[in-house]
Amino acid sequence: MHGTRILDEADRLMTVCNSCRYCEGLCAVFPAMEMRRAFSDGDLNYLANLCHSCGACYVDCQFSPPHEFNVNVPKTLAVARAESYAAYAWPQALSGAFARNGLVISLIAALSMAAFIFGFAALNDRSVLFGVHTGPGAFYRLMPHNAMAALFSVAFLYAILALVMSVRAFWRDIGTPIGGRADGGSIVQAIRDAGELRYLHGGGVGCYNEDDKPTDRRKLYHHLTFYGFLLCFAATSVATLYHYLLGREAPYPWWDLPVVLGALGGIGLIVGPIGLFVAKLRGAPELLDEQRYGMDVGFIAMLFLTGLTGMLLLILRETAAMGPLLALHLGAVFALFITIPYGKFVHGIYRFAALVRYAQERRTAP
Amino acid sequence: MSPTSSHRADGMSSKYDVLVIGGGNAALCAAIAARRGGASVLVLEGAPKFYRGGNTRHTRNMRCAHDAATEILTGPYTEEEFWEDLLRVTGGQTDEVLARHMIRESKDILNWIVEQGVRWQPSLGGTLSLGRTNSFFLGGGRAMLNALYLTAERLGVDVEYDAEVIDLVIEDGMFLAARLKRPIKGETEIRATSLVAAAGGFEANIEWLKQYWGDAADNFLIRGTPYNRGSILKMLLDKGVQEVGDPTQCHAVAIDARAPKFDGGIITRHDSVVFGIVVNKHAQRFYDEGEDIWPKRYAIWGRLVAAQPDQIAYIIFDSTVVTSFMPTLFPPIAGQTVAELAGKLELDPAALEKTVTEFNAAVRPGTFDHTILDDCRTEGITPPKTHWARRIETPPYLAYPVRPGITFTYLGTRVTREARMLMADGKPSANMFAAGEIMAGNVLGKGYAAGMGMTIGSVFGRIAGREAARHAKN
């Protein structure tokens, strides 16, 4: 027996599935399952994070409800996956953030944005806050660059530290030998699998929604969101290099690299999350982990807010709205950063680690 | 799509070109082929939507002839080889003309079924011996069904679930109408120009099974849904369609005695017979456990167990072979001694000890290899174990209780090469066709080879649909 009810159920299902194996060709979960005859907590958390929740194994299963064997792998693994985020969270004292994650994320986002608004208002003259600023250094008239850089570096580095510690605990739990290292080839394979969302495909036809007709565009919207996020991150990184290496201060002209990257990324971060949210609304209720609805929507909303405020800032940066918008955008990004280790963001990190492990297992399989 | 006005004979009640009764592989192949042939088609599935498809929902592959390796098949499987395999498993009890026709048509099915949305994958883990001959459905039989239903609905085939047919109106070998238990769109009678009966065998009808098996049938477990009651087969035979096949013949395997009475499907089966011995309730061995290699050996144990007292048997093995076969749904029952194991199985401990001891003493040295007919065998006991015989001596001692698991029955309606039913007087029916398990007995007099049921379903389903549409359009 396992530590939790959901792991007991996952164990029961994997025993059923391992004696059937019809779903072997659908994704990585079932081949990984077949390499085992018994399942530890770590094994089940590994399988849970390998699952991309496409739903194909549910509609293909002859034993799904109302059958008495009651096999619902996507939902069971979704719950197990969400519980694994809390189980591996660092520091453990903050794992409770996953319990009512939607609330936690909204509160932090609201507080963060409010703090920037009030901070800007308190530290700046009204005429500066609502003034029209143009040319290099315009943003820094509202908040000195060094202060901005310091604040966001601290938030970002903390997020990285917490993520590394969490995924380390996960890796130790799913690895054999314990603490074994990942090899380069497996990492490259996992980057490829994650980059193309190889297993979010319903066995090749797309994901499943309200019925047995695969029509979901989740893969497309996830790509827009993920690559939008990466482009925005790249925009910020390029801008940082411009600032420190070239001495060129933001805002940059519309044709310059940080703006082009940021604008493209921003579009992805607006369109992608909307698509993901709609897909969520249309998702088959029997496959969803309703308990984690807040966590999923909270994360989607954070990404959307980041994209939206960023785009508005870009469009209106030469108007009097720039000051308040900058505060909102910085507030959204700050909230996103500090909640990274305690929200849905971690799904990408754990899933990537699971994909590395899977690539490794495939390479060493007899 | 509703039947168009041109298909309404009297303007009052609807009439379809083709009525398909049944909802599995054969039925859907017939419906799709008929629709593609230009007919209006209604499918009546007696089961609720979740349980649609009869035994197809539990299948995973199909045996088709092919002259060259494909993306998912490792080598050629010629028509002649297929025919020889069929001849061997049926012991010659097959209709050669019909069987050869089916085998020839099966070659085209490999592509046709993909055009209907079904996707193939290489043979599943643990079934490598089928990698050359059998094509596996990606996601299994229910995935295959989902694809066929999706295609049928996109083409405009009407499908009704929970649509139980309680009577067929047949005059002089001519189908006129089907009567429904529950009205569909206000009508309890569906008329059609052609009928395709693809409603399976009677494996879930215990009362009917008892006519041939007696009370033993009470101990049978049914691997598919409780909806496979054979009511359409019975109506057809009662109304003058010629019967084919031995009513006691069926596909039956040994499945775990702890399985549910119905619909346990694939996961309750046991492939471990060759790794141990099989005893009956008196703790006596009764058949050579090492006779033949998987999957050929697989389909004989259902009937063997059915012939034992109380239709129960026990596969006995020891801890050294636990990882030699696929993990099982139900864990093995374990004992530190043979006597303790016997106690848990409610067998006579002394008798089981004697059986195991005698078996162990009879085992000759050899080199074990479960992938070939190896040289590990017994000497001096009856029945012998002719291959893979190794001593059972390393505790814990383990056992699986098994019962006959009935997959499908072979009694059916006789058909022609066009899948047209023959009447008892030998005349072909004007407008009645049959496909799938309901006519499998034409090809399978007895025995079985993996994937054959689906071949019969798809090949004759497609033929029946095509011919039914042709009749309706003429």
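What is the order of the strands in the open sheet of three strands in chain B? The order is β3-β5-β4, and the pairing is antiparallel. Strands here are DSSP runs of E with at least two residues, helices are runs of H or I with at least four, and both are numbered from the N terminus. Two strands pair if DSSP finds at least two bridges between them. At the edges of this sheet are β3 (61–63) and β4 (120–121) of chain B, each of which pairs on one side only. β4(B) is joined to β5 (134–137) of chain B by two bridges, in the antiparallel sense. Across that pairing, B:W120 stands opposite B:F137 in β5(B).

A word on conventions. This is a predicted model: local features need pLDDT of at least 70 and side-chain atom pairs count only at pLDDT 80 or more, while totals for chains, interfaces and linings use all residues. Residues are numbered from 1 along each chain as its sequence is written, and chains are lettered from A and ligands numbered from 1 in the order in which they are written.

Now chain A. It has 14 helices and zero strands. Of its 366 residues, 46% are buried, where buried means 20 or more other C-beta atoms within 10 Å of the residue's own, with C-beta atoms placed from the backbone. The C-alpha atoms fill a box of roughly 70 × 40 × 35 Å along the principal axes.

In the contact, 28 residues of domain 1 of chain A meet 29 residues of domain 2 of chain A; contact means C-beta atoms, placed from the backbone, within 7 Å. On the domain 1 side, α5 (73–88) of chain A gives the most, with nine residues. That side divides into 18 nonpolar, eight polar and two charged residues. Nonpolar covers Ala, Val, Leu, Ile, Met, Phe, Trp, Tyr, Cys and Pro; charged is Asp, Glu, Lys and Arg; the others, Gly among them, are polar.

Last, the contact between the chains, with 26 residues from chain A and 26 residues from chain B. On the chain A side, α1(A) gives the most, with three residues. That side of chain A divides into ten nonpolar, eight polar and eight charged residues.

Conventions: Contact = placed C-beta atoms within 7 Å. Buried ≥ 20, exposed ≤ 12 C-beta atoms within 10 Å, placed from the backbone.
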